[in-house]
Amino acid sequence: DEQRTGAWFASLGVELQREPTGKLFPVTDSARTVLEALLRRCDELGIAIRTGCRVTDVAFEENERRFSVTHAQGVAHARCVVLATGGRSLPKTGSDGGAYAIARHLGHTVTATYPALAPLVLADGFLHGRLSGVAQQATLSTTISGKVIDKRTGSLLWTHFGISGPVVMDASRHWIIAQATGRSPQLVCNLLPGCEFADVERWLIDAATQHPRRGIASLLTARLPHRVADALCRWAGVAASAPTGQLARDARRRLVHALVALPLPVIRDRGWNYAEVTAGGVPMSEVDHRTMQSRIRPGLYLVGEILDVDGRIGGFNFQWAWSTGHIAGTDLSRTAASRDDQREPAEQ
């Protein structure tokens, strides 16, 4: 769990800090701190890390009751094997999906895989081109045929290609999977989280009465970044400098729709090179969750992202990898100890 993970990293000399969102990061704000601590611990335990040995196949030798692991430098043999290869996201790190073929070869199934926690690309000409670098709170709703399948609120980052930020990353899997399965999803943005159409329209009407000479964009900047206010006015066909008291009913309603139900013209996600996690993989039903050992091929363990489990942004996927790795390692150590105990009488 979170407390045990934090305590373990502290024992490695990695001090963590909690952000307001609840996320834990090294106080150094550098991922290298974690990497160096893990490598240092491996060195202390005498664990050999072999590079340049890309694994191309794993087979089980029935006669020998062992696995043969074919890699770039030859073949290794083992009584147990752990597949901790990741999924397909960030392939430059080595997690290019190659292990799915190995899992299938050993008898497992693999569900369809999709990028998740990925930025989304918007159509050229949309207002994001004017807003690159602006961050704000927003509510995103993913809909199919008018039915909301996902709704969440968080920080949205406008970029030169479209949208990113935590709320976009979390919403992306729902849009991506729906799009890939032919269900034509729509992504709608509320730039005033918690407000409905009637609330915002009443605010504009009251403002027109109380401050009739105030410019519309100036009014909006009370609740939005000024660049967003200007861009929304243009998008809604409203003059940014026009006095609030002169805003016609139709124009006011177009503006309100833009504020609380802005349709985002998503054309695609940014792909595996930018996705932080993989949705899909080996079904959990094929693994004993108490040990992470395969139910299909004893001696084989599957942990982390190769399994069909993915969580929202904020360290949950890291925690899944660490927790399942710990479970598998603990069971492997018990198995090894039991094997040693059985061997001792014969050796005596």
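Which residues touch the most other members in the largest nonpolar core? In this predicted model, they are Trp-158, Leu-262 and Leu-264, in a core of 57 residues.

## Nonpolar cores

The largest share of the 57-residue core is supplied by helix 4, which spans residues 166–180 and provides seven residues. In soluble globular proteins, nonpolar side chains tend to be buried together.

Leaving aside residues up to four places away in sequence, Leu-262 touches Phe-126, Leu-127, Trp-158, Leu-187, Val-188, Cys-189, Leu-191, Leu-232, Trp-235 and His-257.

## A nonpolar patch at the surface

Nonpolar side chains also occur at the surface of the model. Leu-35, Leu-39, Leu-45, Ile-47 and Ile-49 make a nonpolar surface patch of about 460 Å². One of these residues, Leu-45, is located in the loop that runs between helix 2 (31–44) and strand 3 (55–61). Leu-45 has a relative accessible area of 51% and is therefore exposed, since exposed residues are those over 50%.

## Salt bridges

How many salt bridges does the structure hold? There are twelve. Side chains of opposite charge can pair when their charged atoms come close.

One of the salt bridges joins Arg-41 to Glu-44, with 3.2 Å between the closest N and O atoms. Both residues belong to helix 2, and because Arg-41 and Glu-44 are three residues apart there, about one helical turn separates them. Arg-41 is partly exposed at 34% relative accessibility, whereas Glu-44 is exposed, with a relative accessible area of 53%.

## A salt-bridge network around Glu-62

Glu-62, Arg-65 and Arg-297 are linked in a network of salt bridges.

## Aromatic pairs

The structure holds five aromatic pairs. In one of them, the ring centres of Phe-9 and Trp-322 are 5.0 Å apart and the planes lie at 65°, so the arrangement is edge-to-face. This pair links distant parts of the chain, with Phe-9 in helix 1 (residues 2–11) and Trp-322 in helix 9 (residues 316–347), 313 residues apart. Phe-9 is buried at 4% relative accessibility, but Trp-322 is partly exposed at 35%. Phe-9 and Trp-322 also belong to one aromatic cluster together with Trp-8 and Phe-318.

How are the rings of Phe-126 and Trp-235 arranged? Their centres are 6.3 Å apart and their planes are at 80°, so this pair is edge-to-face. Phe-126 lies in the loop between strand 8 (120–122) and strand 9 (135–144), and Trp-235 lies in helix 7 (residues 226–236), so the pair ties together parts 109 residues apart in sequence. Phe-126 is buried, with a relative accessible area of 11%, whereas Trp-235 is partly exposed at 39% relative accessibility. Both Phe-126 and Trp-235 are among the residues that Leu-262 touches.

## Asp-331 in helix 9

Helix 9 also contains Asp-331. Is Asp-331 buried or exposed? With a relative accessibility of 9%, Asp-331 counts as buried, because buried means under 20% relative accessible area. Not counting residues up to four places away in sequence, Asp-331 touches Thr-291, Gln-293 and Tyr-301.

Notes: Residues numbered from 1 in each chain as written. Predicted model: local features only at pLDDT ≥ 70, side-chain atom pairs only at ≥ 80, totals over all residues. Heavy atoms only, no water. Core = buried A, V, L, I, M, F, W, Y, C linked by side-chain atoms within 4.5 Å. Buried < 20%, exposed > 50% of the residue type's maximum accessible area, 1.4 Å probe, protein only. Helix = DSSP H or I, 4+ residues; strand = E, 2+ residues; numbered from the N terminus. Contact = heavy atoms within 4.5 Å. Patch = residues over 30% accessible without salt bridge, like charges linked within 9 Å, V, L, I, M, F, W, Y side chains within 5 Å. Areas by Shrake-Rupley, 256 points an atom, 1.4 Å probe, with all protein chains shown as cover. Salt bridge = Lys/Arg side-chain N within 4 Å of Asp/Glu carboxyl O. Phe/Tyr/Trp six-rings, centres within 6.5 Å; stacked < 30°, edge-to-face > 60°.
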